[in-house]
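Please open the model in your viewer and keep a selection panel at hand. The stops below are meant to be taken in order.

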Amino acid sequence: MTNVIKADGETLRMGIIGDLHTHWDDVDVHQIGNQGYDLLFFTGDLGGGTPDSSLRMARSIARLRQTTLVMPGNNDTVDIDQLAAELNHQQGVNRILAITGQNTESGSIHLCGYTHHKVSVADHQLSLIAARPHSMGGPELTFPDYMANTYGIKSLDESVQRLRNLVDTACQDIIFLAHNGPAGLGDKPGDIWGCDFKPVGGDWGDTDLAAAIRYAKNQNKRVRAVIAGHMHLKTKQGEQRPWQLLADDTYYINAARVPRIFSGEDDVYRHHVLLCIDKTDIAFSEVLLPQYG
Ligand SMILES: [Fe+2]
């Protein structure tokens, strides 16, 4: 577990950056770094399909100064130690600069996945549970050899058990973080995690994540939100998926607006999602930061 992440004020503000697919650069480091967020979460798929591009993005993310959680996506199946090293690269540089008196700030950037992160907002605590990393969705455990070697997970059943163990140690209030969203929210191509690349459609959500959410609710825990990406908001049929959904008192967020950097009529815009949460209230909003305006 990371150190307890503390909100600055009465409300925790978390910036959620959807699948990058290489759409991230110094402008984002500067813009998102200046929003005063307590915490950042990257839903993954940093690169464009090659290990080099994922590592290049990780090195850029490492320049952020906020506490940051990075969930590896299915496009980020690189050597996990190498990915962690890139994310920590700048911290090493910062430490050297701090020793020499040139820099006193230090970021705190963590790879997440099968991990538990505690957050404190005023006198209230909640748990962020990072679910299965590298998920590609669907009914099978993807990258089985890689998952066994890297996380010791050999089946979706083992994944469910690992997530249940995390729920057992969690606070009353939980937010799940994931690369792909849970099963059970629709099987049409335009549904929030519906399959848009098979003619028959289907539910492409993660069954282990859905089981963990059910388990948490059965334990009388409050699952306040589930935040993921992976299934791009614009479907292959040109439909627009909903980016948020409220079901059974839980918010489901799909932050994968791809590409997240795009040209509008008068400017270039950069997308992320803002979560504001305290003991009683929770709200999500889409944020489009203009690059020049
Ligand atoms: Fe993905």
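A residue is called buried here when its relative accessible area is under 20%, exposed when that area is over 50%, and partly exposed in between, with a 1.4 Å probe and protein chains only. This is a predicted model, in which local features need pLDDT of at least 70 and side-chain atom pairs count only at pLDDT 80 or more, while totals for chains, interfaces and linings use all residues. Residues are numbered from 1 along each chain as its sequence is written, and side-chain values use heavy atoms, with hydrogens and water left out. Helices (H or I, at least four residues) and strands (E, at least two) are DSSP runs, numbered from the N terminus.

**The metal site**

Begin by selecting the iron ion together with Asp45, Asn74, His179 and His230, which coordinate the iron ion through OD, OD1, NE2 and ND1 respectively, at 2.0 to 2.2 Å. Donors are N, O and S atoms within 2.8 Å of the metal (3.2 Å for Na, K and Ca), and since water is not among the atoms, sites may look incomplete. Along the chain, the donors of the iron ion follow the spacing D-x28-N-x104-H-x50-H. Asn74 sits in the loop between β4 (67–70) and α3 (80–87), whereas His179 belongs to strand β8 (residues 173–180), so this pair ties together parts that are 105 residues apart in sequence. Both Asn74 and His179 are buried.

If you display the angles, the 4 donor atoms around the iron ion subtend 85 to 156°, which makes the arrangement irregular. Under the rule applied, four donors count as tetrahedral if all angles lie between 85 and 135 degrees; four count as square planar and six as octahedral if opposite donors are over 155 degrees apart and all others between 65 and 115; anything else is irregular.

Stay with His230, which is found in the loop between β9 (222–229) and β10 (244–247) and counts as buried at 10% relative accessibility. His230 also has a positive phi of about 75°, although it is not a glycine.

**Two further backbone stops**

Most residues other than glycine have a negative phi, and most peptide bonds are trans. Select Ala122 next, in the loop between β6 (115–121) and β7, where phi is positive at about 50° although Ala122 is not a glycine; Ala122 is partly exposed, with a relative accessible area of 43%. Then move to Val258 and Pro259, which are joined by a cis peptide bond with omega about -5°; Pro259 is found in the loop between β11 (250–254) and β12 (261–263).

**Arg132**

Now select Arg132, in the loop between β7 (124–130) and α5 (144–151), a residue that counts as buried at 3% relative accessibility. Its side chain makes a polar contact of 2.6 Å with the side chain of Asp208. A polar contact is a pair of N or O atoms within 3.5 Å; within protein, one must be able to donate a hydrogen and the other to accept it, and residues adjacent in sequence count only if both atoms are side-chain atoms.

**Salt bridges**

A salt bridge is a side-chain nitrogen of Lys or Arg within 4 Å of a carboxyl oxygen of Asp or Glu, and by this rule the count comes to 12. Select Asp28 and Arg260, which form one with the closest N and O atoms 3.1 Å apart. Asp28 lies in helix α1 (residues 26–33) and Arg260 in the loop between β11 and β12, so the pair ties together parts that are 232 residues apart in sequence. Asp28 is buried, with a relative accessible area of 0%, and Arg260 is buried as well, at 1%. Extending the selection to Asp25 and Arg270 shows a network of salt bridges that links Asp25, Asp28, Arg260 and Arg270.

At the start of α1, a side-chain oxygen of Asp25 reaches to within 3.0 Å of the backbone nitrogen of Val27.

For a further pair, select Asp196 and Arg241, whose side chains meet in a salt bridge (3.5 Å, N to O). Asp196 is in the loop between β8 and α7 (207–218) and Arg241 in the loop between β9 and β10, 45 residues apart. Asp196 is buried, with a relative accessible area of 8%, and Arg241 is buried too, with 4%.
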